[in-house]
Amino acid sequence: MSQSTDAGEKPGVRLDLGHARPARSASRSGPAITCDDVRVFYKKHLAVRDVNMTFARNEVSALIGPSGCGKSTVLRALNRMNDLIPGARVEGMIRFEGTDIYGEGVDATEVRRRIGMVFQKPNPFPKSIYENVAYGPRVTNMQVDNMDDLVEEALRKAAIWDEVKTMLKDSALALSGGQQQRLCIARAIATKPEVILMDEPCSALDPIATLKIEDLMADLAEEFTIVIVTHNMQQAARVSQRTAFFTAEADEHGDRTGRLVEYDDTAKMFSNPSDQRTEDYISGRFG
Ligand SMILES: Nc1ncnc2c1ncn2[C@@H]1O[C@H](COP(=O)(O)OP(=O)(O)OP(=O)(O)O)[C@@H](O)[C@H]1O
């Protein structure tokens with residue numbers, strides 16, 4: 001695991017990740033998440049390395065690259081979701097609002113509440129629409145003045161309120177795939193995260209449902225920081241301000257390790273990337 005920082009408390013920083021202490025540079029006006037020399041292993045296999053990147057607040061960042069280059073692995077490292085995979089290990093430093101999220105005393109559940117996640121396949125619980133949204137606040141013992149208001153607010157932000165407001169007690173499983181995915185976004189929003197991670201959120205959806213989620217991402221970025229993994233380069237170009245290109249290279253034993261090649265403004269990445277490997281991938285010559 002990464003080393004925790006030894007910096008002291010910084011007054012005014014809104015952070016309460018267990019007993020964690022914010023790093024000296026922590027600031028609400030700084031980046032939401034910073035990765036320094038991050039490497040992720042599954043047992044002895046180095047899955048991805050050289051991850052140095054900064055996710056600015058209220059921006060959408062897209063992670064792209066060929067299959068197996070480590071995009072989902074990096075995404076899961078950002079909110080300690082990899083902790084749930086036996087043998088997964090993160091090295092280097094990932095800071096959220098200045099705090100090392102793998103540092104001593106940091107509560108992983110709290111990290112995941114503050115950095116929410118939406119998965120590839122919509123995965124609503126077999127419960128009512130209302131209970132899906134109320135679930136997170138309840139299990140994390142969030143202080144909620146009025147649960148009805150919180151559920152409505154989350155559903156509105158996820159652009160699904162008008163479609164479900166008369167059927168809140170109905171099963172979430174009766175919704176269409178696109179609606180289920182927006183419900184899952186509402187569920188992620190309900191615990192009031194600052195960051196939302198999305199792992200190929202549209203890959204199981206039809207083009208119309210996909211466009212709805214893409215529109216929603218632009219609205220959500222006004223309030224949240226968003227990191228999305230996508231195989232769809234047009235989608236990355238449409239929704240993100242920053243794009244990271246990863247690739248996977250085999251060593252002399254044939255073991256493949258992913259690495260971050262380039263991370264820059266999306267406009268630059270798609271028009272004038274600095275690295276030939278990015279150019280080749282974007283232009284379809286590779287991957
Ligand atoms: N749970 C796991 N256990 C062991 N190895 C894993 C696990 N998840 C991923 N890996 C390995 O880590 C490497 C990166 O996988 P990852 O899924 O992060 O790549 P990806 O770029 O997201 O791929 P894709 O685009 O196909 O989803 C691969 O070598 C993969 O086999």
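**Entry: Met142.** Leaving aside neighbours within four places in sequence, which residues is Met142 in contact with? I found Pro137 and Thr191, taking contact as C-beta atoms, placed from the backbone, within 7 Å. A note on the source before I go on: this is a predicted model, where local features need pLDDT of at least 70, side-chain atom pairs count only at pLDDT 80 or more, and totals for chains, interfaces and linings use all residues. Residues are numbered from 1 along each chain as its sequence is written.

I placed Met142 in the loop between helix H3 (129-139) and helix H4 (147-157). Helices here are DSSP runs of H or I with at least four residues, strands are E runs of at least two, and both are numbered from the N terminus. Met142 is partly exposed, because 15 other C-beta atoms lie within 10 Å. For burial I use the count of other C-beta atoms, placed from the backbone, within 10 Å of a residue's own: 20 or more is buried, 12 or fewer exposed, and in between partly exposed. I also checked Lys192, which is 50 residues from Met142 along the chain, and the two C-alpha atoms are separated by 9.5 Å.

**Entry: Asn141.** The loop between H3 and H4 also holds Asn141. Its phi is near 55°, a positive value in a residue other than glycine. Asn141 is exposed, since I count 7 other C-beta atoms within 10 Å.

**Entry: H3 against H4.** The axes of H3 and H4 come within 10 Å and cross at roughly 110°. Axes are lines fitted to C-alpha atoms, for helices over the stretch in contact, with angles from 0 to 180 degrees between N-to-C directions. The two helices H3 and H4 are therefore roughly perpendicular, a label for angles of 65 to 115 degrees. From H3, Tyr130, Val133, Ala134 and Pro137 meet Met147, Leu150, Val151, Ala154 and Leu155 of H4. I sorted the residues of this contact by class and got 9 nonpolar, no polar and no charged. Nonpolar means Ala, Val, Leu, Ile, Met, Phe, Trp, Tyr, Cys and Pro; charged means Asp, Glu, Lys and Arg; the others, Gly among them, are polar.

**Entry: the two sides of H4.** Which residues of H4 are buried? I list Leu150, Val151, Ala154, Leu155 and Lys157. They share one side of H4, because they cover an arc of only 165° around the axis, the arc being that of directions from the helix axis to the C-beta atoms. Asp148 and Asp149 are exposed on the other side of H4. The buried residues of H4 pack against H3, helix H5 (161-164), helix H6 (177-190) and helix H7 (207-220). Just after H4, Ala159 takes a positive phi of about 55°.

**Entry: the ligand.** I count 13 residues around the ligand, and the closest are Tyr42, Ala47, Ser67, Ser72 and Thr73; a residue qualifies if its C-beta atom, placed from the backbone, lies within 6 Å. Helix H1 (71-77) and strand S10 (256-265) are the elements giving two or more residues to this shell. H1 gives the most, with 3 residues. By class, the shell has 4 nonpolar, 7 polar and 2 charged residues.

**Entry: Arg80.** I found Arg80 in the loop between H1 and strand S4 (88-96). Arg80 counts as buried because it has 22 C-beta neighbours inside 10 Å.

Definitions and conventions. Contact = placed C-beta atoms within 7 Å. Parallel < 35°, antiparallel > 145°, perpendicular 65-115°, else oblique.
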